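Okay, everyone, let's get going.

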Amino acid sequence: MKKRFLSTFALAGVAALTMAGCTTETGTTTDDSTGESTEETTTEAGGGDEAASDVITVGFAQTGAESGWRSANTESMQAAFSEENGFELIFNAADNDPAAQISAVRNFINQGVDAIVIAPVVEDGWDDVLQEAASAEIPVILEDRTVSASEDLYSSWVGLDFEAEGVKAGEWAAEQYGDTETKMVVLEGTTGSAPANDRAAGFSSAIEGTMIETIDSQTGDFTRDGGKSVMEGYIANYGVDGIDLVFAHNDDMGLGAIEAIEAAGAVPGEDIKIITIDAVKDGMQALVDGKINYIVECNPLLGDQAADLVKKVLAGEEVDKAYYVEDQAFDQAAAAEVIDSRPY
Ligand code: GYE
């Protein structure tokens, strides 16, 4: 697979259609099989039948609203799939429930949307519904997370190299702490999600052969509350003195861990070192404040690339199967330099 690095702002040039008026509807749909309800918002481009026929209707199946990263990603997607850019966006957030997300995609197929965009909660379980979209001749573009299904079942994907993020975080840990006995606990992202799987694999490979020992690893579901309560459990089991390092698969769980460490009377960033991934505002602030020690970036601003891909695919243009956006990494000094100019 060819890796192509895109700058986040490079692909913004989609033609803007001028349209008067727009309506926003928010409704709740209930998944018959699970009884789960998810929120759906439709933003419609107005301006009469003529304009409406040019409008591209896109169903976007978002994971949920678990983190600061996710909020920034949702905003980026909503801004790019706007009516000014020629789209009618049907937005669904599945509250991180894989079954609810699959049924949202089925609803999009039944509604006969022009294209479907998915940020898949988990990697597995997509074959059937992607096949159904293919049979209905509705192209699917993936953003952010990947799936294990055959790449013939979707048109393209744009996102980040999660394994490389894990490697970057692990290499820094190895360099800083690898020569002394270091007891590490891990706060994993959502079980079965591509970033949780790949970040864990990347980090583990980078610390192999060092004196960093993983004493426990559990999921905090990418949320602040999850990170806090898993960290409370670790502290109860091992004591603050029994833990040297936390590797959190995202900033929010690291921020939750900070609360747990402080509540136990210890100093985050000193008594217990913390490495996270994302580099959202709150995470970067904690890094500048010395409560987090290192952050590997994961860029959430994927909306313009995703919208560009939808237009290209619908126009029958050739696209690659995968577009990787490049990430950076920050220590305290680097974070202090850029924090004020960060867009998220
Ligand atoms: O790191 C985390 C979010 O899929 C890359 O999901 C994304 C991850 C991100 O909840 O904060």
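So, Met-184 sits opposite Leu-245 of β11. That's a predicted model you're looking at, where local features need pLDDT of at least 70, side-chain atom pairs count only at pLDDT 80 or more, and totals for chains, interfaces and linings use all residues. Residues are numbered from 1 along each chain as its sequence is written, and side-chain values use heavy atoms, with hydrogens and water left out.

Back to β11. Its partner β9 runs parallel to it, and four bridges join the two. With β12, β11 also pairs in the parallel sense, this time over three bridges, and there Phe-247 stands opposite Ile-275. For pairing, DSSP has to find at least two bridges between the strands; strands themselves are DSSP runs of E, at least two residues, and helices are runs of H or I, at least four, both numbered from the N terminus.

Which way do the β11 side chains go? Leu-245 and Phe-247 point one way, Val-246 and Ala-248 the other, and all are buried. Buried here is under 20% relative accessible area, exposed is over 50%, partly exposed is in between, with a 1.4 Å probe and protein chains only.

Zooming out, six strands make an open, mixed sheet in the order β10-β9-β11-β12-β13-β15. The edges are β10 (212-219) and β15 (329-330), each with a single partner strand, so one side of each has no neighbour in the sheet. Helix α5, residues 162-177, packs on this sheet and touches β9, β10, β11, β12, β13 and β15, and its direction makes about 160° with that of β12. Contact, or touching, means heavy atoms within 4.5 Å; the axes are lines fitted to C-alpha atoms, for helices over the stretch in contact, with angles from 0 to 180 degrees between N-to-C directions. Over at the β15 end, β13 and β15 pair antiparallel over two bridges, and Val-296 has Ala-329 as its bridge partner.

Now the ligand. How many residues surround it? The count is 13, and the closest are Glu-66, Asp-144, Arg-145, Asn-250 and Asp-278; to be near, a residue needs a heavy atom within 4 Å. An N or O atom in the Glu-66 side chain is 2.5 Å from a ligand oxygen, a polar side-chain atom of Asn-250 is 2.8 Å from a ligand oxygen, and for Arg-199 that distance is 2.9 Å. On its own the ligand exposes 300 Å², and the protein buries 100% of that. Those areas are Shrake-Rupley with a 1.4 Å probe, and for residues only the protein chains shown count as cover.

Arg-70 is in helix α2, residues 68-80, and is buried at 2% relative accessible area. Leaving out neighbours within four places in sequence, its contacts include Glu-143, Asp-144 and Arg-145. Its side chain also makes a 3.0 Å polar contact with that of Gln-62, meaning N or O atoms within 3.5 Å, where within protein one must be able to donate a hydrogen and the other to accept it, and residues adjacent in sequence count only if both atoms are side-chain atoms.

Last one: Leu-302, in the loop between β13 and α10. Is Leu-302 buried or exposed? Buried, because its relative accessibility is 0%.
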